[in-house]
Amino acid sequence: MALSRSHNLISSSSLISGTANHGSKVGTEAKTNNLCFQRTKERTEKMFDKIELSVSPYDTAWVAMVPSLELPQAPCFPQCINWLLDNQVNDGSWGLHNRPSWLVKDAVLCTLACVLALKRWGIGEEQMNKGIQFIMSNFASVTDEKQQTPVGFDIIFPGMIECAQDLNLNLPLRSSDINAMLERRHLELNRNYTTGRKEYLAYVSEGIGKLQDWEMVMKYQRKNGSLFNSPSTTAAALTHFHNAGCLHYLSSLLEKFGNAVPTVHPLDIYINLTMVESLESLGVDRHFRTEIKRVLDETYRFWLQGEEEIFLDLTTCAMAFRLLRLNGYDVSSDPLTQFAEDNQFFNSLKGHLKDIRAVLELYRASQITIYPDESVLEKQQFWTSHFLKQELSSGSIHSNRFSQNVSSQVEDALKFPYHVNLERLAHRRNINLYNVDNMRILKTSYCSLNIGNEYFQKLAVDDFNICQSMHIEELKHLERWVVEKRLDKLKFARQKQTYCYFSVAATLFSPELSDARMSWAKNAVLTTIVDDFYDLGGSEEELLNLIELLERWDVEEAKNCCSEQVEIIFSALRSTICEFGDKTLTWQGRNATSHIVETWLNLLQSMFKEAKCLRNKSVPTLDEYMENAYASFALGPIIFPAVYFVGPKLSEEVVRDPEFHNLYKLVSTCGRLLNDIQGFKRESKEGKLNSVSLQMTYSDGNMTEVEAIEKIKVVIKSTRRELLRLVLKEEGSIVPRACKDLIWKMSKVLHLFYMNTDGFSSNVEMVKAVSEVVYEPISVNM
């Protein structure tokens, strides 16, 4: 039945109304989401203003036990006694509220310390009785291997039992249990004596008491008066060895934190760097550039001053080195020299404790090598990677509940070294691995709201999905563009627009970089097609015709193209060059079309030279091959137009400066050699020469394929190192950092693409990677 015109109007009106309502809902939802995003961002910004660190009942109890220097029968810090009386948990324990079931041993330790402090001064009998009842009810946790064991527990806890006996504190324990603990302590104290162990025994001095060599312990005193930045160790030292520095340190902590102390302080540099690391690894650091710069400037100032908080803590030192160097600060790797070998690490306190976080940070730092003489970092990378792999395979890393999340980070770091780690893939993995549990453990558990904060993860999830929604639309546009330009009609050409777009969406992902992404993606599609055209799709006449057309530029396509293939390619080339040449006027205030044309001409000429060499079956020297091969690798038309759209103004002098060309040549050399290694067998069957076959040819049969490849890998490594040095170089560099970063991101793309296969060869992992970056939104239970 035909509908009347009026009926059609009614239906259309309803449709318009429905669409309008739907659009209104979408708009409202978008505003709400944006408001939530901004609020989360503001909360995160405020976290840079103040470090939140939990106070420690365990350490506060040891401070409370320090006698007054003038009146030994009275406490030096009575305010700590008052805090203990006021902060007992309902179940009779002292410790973190809402503790997990596997931290009962920690609560027993804290509770015994607090009971001892009250007994020491004969106060709080009711609290003591409740505390003793908690200890006895949960005493089985002391030997429960499923419980998380605090650092030094087997020395400190028996030491406190002895202290309880000295104070005539009635703990209804069986003598067999006490003897077993004291035996374990004896064995622990008499194990092999190394430098790291000596430092460890000084760190847990409160558990050794009168048996300790306190003069030896005081050699570890820091400029702030503390021992190891530990209030409990410092308090124990002050009890046995009156020292003005110790007294000043503890007094300053109580001024800062009130009537209680944390388990470690200062920790500000580490926590601030951890926030920077979290925001960078989650992909939202660009929202906090001011805050991050403030942290890094301050850290660099401390670095130059030789601040103990950095250099006496291995984890902080390695993290500071990596973050400062990657952000353009001039820092030497010399402070890491002391850990160049594994035996040096194991002779330190963190080595003795097998601190996985510290080794992971050393491994990450070791990858930021930019000078040929930084052998210390190469040695460090070797032993740290070996150690981490051992810990994973043995399963020991999973036994520590605080290291279980770290184990996933270790697996990820080993699988994706820095130079192959594409940002958006890494961000996605880091978001999924992110641990919102902000708890850590030393001699007791502690937490900081600045570490493992759920706001970071929420911000990252929202940001990822917002960017991805734009990426999906851009990819659709790219696919339409391929059809509009008839590029899909070229039967010889690989259709790889999805991979081409993925390579840039995984690196230049910010919404404002849309023009850079589309320039990169479209030119990558065109270079792939042109590569196939010069490789196998075109005759010599067609190859020369395309070069001539580009040289003449302003020509009528229908009359001057010798074939339909040439017409399609030239038409797409010219329209794309014009499109982005015109856009440079908006971004740069000048039209860079001539530079883009020149870049394309250089590529076509190098490809023609390569094709001619193949046809003539000539054998160039390795140097002759590389001089042309880096250009024919086809990165020029991708890189040079895209750098105009990443932000900084680029004068003609800058883009033609030797520094710019050197950066381009280095990344192209890496790409060409990586391609040659993966494509060697295929190209050999096709009768093509590359750097691998030329190495073998000019060795007069003295070099095997494996040896040739290993030699080329050495060249790739040194080339990549020099590229990173130039990217990070600030002084004397005229190329803006954003442009250099784009080139380094291209290097990462190449290393990932050629890590296991021949670039565009479709495999399961690559298909999965494309899907994760472009198609699949992130959903995390928070």
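This section describes the overall architecture, the nonpolar cores, selected helices and individual residues of a predicted model.

The protein chain contains 36 helices and 2 strands. Its C-alpha trace extends over about 105 × 90 × 45 Å along the principal axes. Of the 782 residues in the protein chain, 55% are buried. Among contacts in the protein chain with a separation of 6 or more, 72% are accounted for by residues 24 or more positions apart.

The largest nonpolar core comprises 118 residues, of which Leu487, Phe502, Tyr534 and Trp600 touch the most other members. Helix α24, spanning residues 514-537, supplies the largest share of this core, with 11 residues. A further core, of 69 residues, lies apart from it and has Val108, Cys114, Ala164 and Leu250 among its members. The surroundings of Tyr534 were also examined. When neighbours within four places in sequence are set aside, Tyr534 is in contact with Leu543, Leu546 and Ile547, as well as with Leu604, Met607, Phe608 and Ala611.

Phe502, one of the residues that touch the most other members of the largest core, is also one of the buried residues of helix α23. This helix, formed by residues 497-505, is mostly covered, with 8 of its 9 residues buried. The buried positions are Gln497, Tyr499, Cys500, Tyr501, Phe502, Ser503, Val504 and Ala505. Their cover includes α21 (423-433), α22 (454-484), α24, α35 and α36 (764-775).

The crossing of α34 past α35 is left-handed. On the α34 side, the contact involves Ile716, Arg720, Leu723, Leu724, Leu726, Val727 and Leu728, and these meet Arg737, Lys740, Asp741, Ile743, Trp744, Ser747 and His751 of α35. By class, the residues of this contact comprise 8 nonpolar, 2 polar and 4 charged.

Ser366 belongs to helix α18, which covers residues 356-366. Its relative accessible area is 0%, and Ser366 is therefore classed as buried. Beyond residues up to four places away in sequence, Ser366 touches Leu377, Gln380, Gln381 and Thr384.

Ile441 is located in strand β1, residues 439-441. The relative accessibility of Ile441 is 16%, so this residue counts as buried, the limit being under 20%. Ile441 and Thr149 are separated by 292 residues in sequence, yet their C-alpha atoms are 8.8 Å apart in space.

Leu312 occupies the loop between α14 (308-311) and α15 (314-326). With a relative accessible area of 46%, Leu312 is partly exposed. Along the chain, Leu312 and Phe228 are 84 residues apart, and the separation of their C-alpha atoms is 8.6 Å.

Technical notes
Residues numbered from 1 in each chain as written. Predicted model: local features only at pLDDT ≥ 70, side-chain atom pairs only at ≥ 80, totals over all residues. Heavy atoms only, no water. Left-handed = near helix turned anticlockwise from the far one by under 90°. Helix = DSSP H or I, 4+ residues; strand = E, 2+ residues; numbered from the N terminus. Contact = heavy atoms within 4.5 Å. Nonpolar A, V, L, I, M, F, W, Y, C, P; charged D, E, K, R; others polar. Core = buried A, V, L, I, M, F, W, Y, C linked by side-chain atoms within 4.5 Å. Buried < 20%, exposed > 50% of the residue type's maximum accessible area, 1.4 Å probe, protein only.
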